[in-house]
Amino acid sequence: MDLSIGIANTLNPAMRKALGLADDDRGVMVSNVQSAGVSAGKLDEGDVLLAIDGHEIASDGMVNWTASACS
């Protein structure tokens, strides 16, 4: 599903610290939200997403959707 958002990775340690994130290589920052998209009114610029549907989001934006993780 397209969330109609842009994301920024959180690989930079200074950025992670400014966002209050742990040093655990998890999470991405929402950089923009399309006003007519499904996330409008639910997410804001600057929000940090740590997981989606129970699956952790790595700081580079990757999500592991392996069969073992989905069962």
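Q: Helices are DSSP runs (H or I, at least four residues) and so are strands (E, at least two), numbered from the N terminus; which helix holds R16?
A: This is a predicted model, with local features needing pLDDT of at least 70, side-chain atom pairs pLDDT 80 or more, and totals for chains, interfaces and linings using all residues. Numbering starts from 1 along each chain as its sequence is written, and side-chain values use heavy atoms, without hydrogens or water. As for R16, look at residues 13-18, the stretch that makes up helix α1.

Q: Is R16 buried or exposed?
A: Buried means under 20% relative accessible area, exposed over 50%, partly exposed in between (1.4 Å probe, protein chains only). R16 comes out at 6% relative accessibility, so R16 is buried.

Q: Which residue's backbone oxygen lies 2.6 Å from a polar atom of the R16 side chain?
A: Start with what R16 touches (contact means heavy atoms within 4.5 Å), leaving out residues up to four places away in sequence: T10, L21, A22, D23, D24, D25, R26, G27 and S59. The backbone oxygen at 2.6 Å from that side chain belongs to A22.

Q: Where does S39 sit?
A: Find β2 (28-33) on one side and β3 (48-49) on the other. S39 is in the loop between β2 and β3.

Q: How far is the backbone oxygen of L3 from a polar atom of the S39 side chain?
A: S39 is tucked away, because its 5% relative accessibility makes it buried. Beyond residues up to four places away in sequence, S39 touches L3, I5 and V33. For the L3 backbone oxygen and a polar atom of the S39 side chain, the distance is 2.7 Å.

Q: Which residues does L43 contact, leaving aside neighbours within four places in sequence?
A: I5, which also touches S39, turns up again here as a partner of L43. So does V33, another S39 contact. With sequence neighbours within four places set aside, the list for L43 reads I5, V30, V33 and L49.

Q: Is I57 buried or exposed?
A: I57 belongs to the loop between β5 (55-56) and α2 (67-70). Its relative accessibility is 6%, so I57 counts as buried.

Q: How far apart in space are I57 and D25, C-alpha to C-alpha?
A: Setting aside neighbours within four places in sequence, I57 has contacts including D25, R26, G27 and V28, and also L49, L50, A51, I52, M62 and V63. D25 is among the residues that R16 touches too. I57 and D25 are 32 residues apart in sequence, but in space their C-alpha separation is 8.7 Å.

Definitions and conventions: A polar contact is a pair of N or O atoms within 3.5 Å; within protein, one must be able to donate a hydrogen and the other to accept it, and residues adjacent in sequence count only if both atoms are side-chain atoms.
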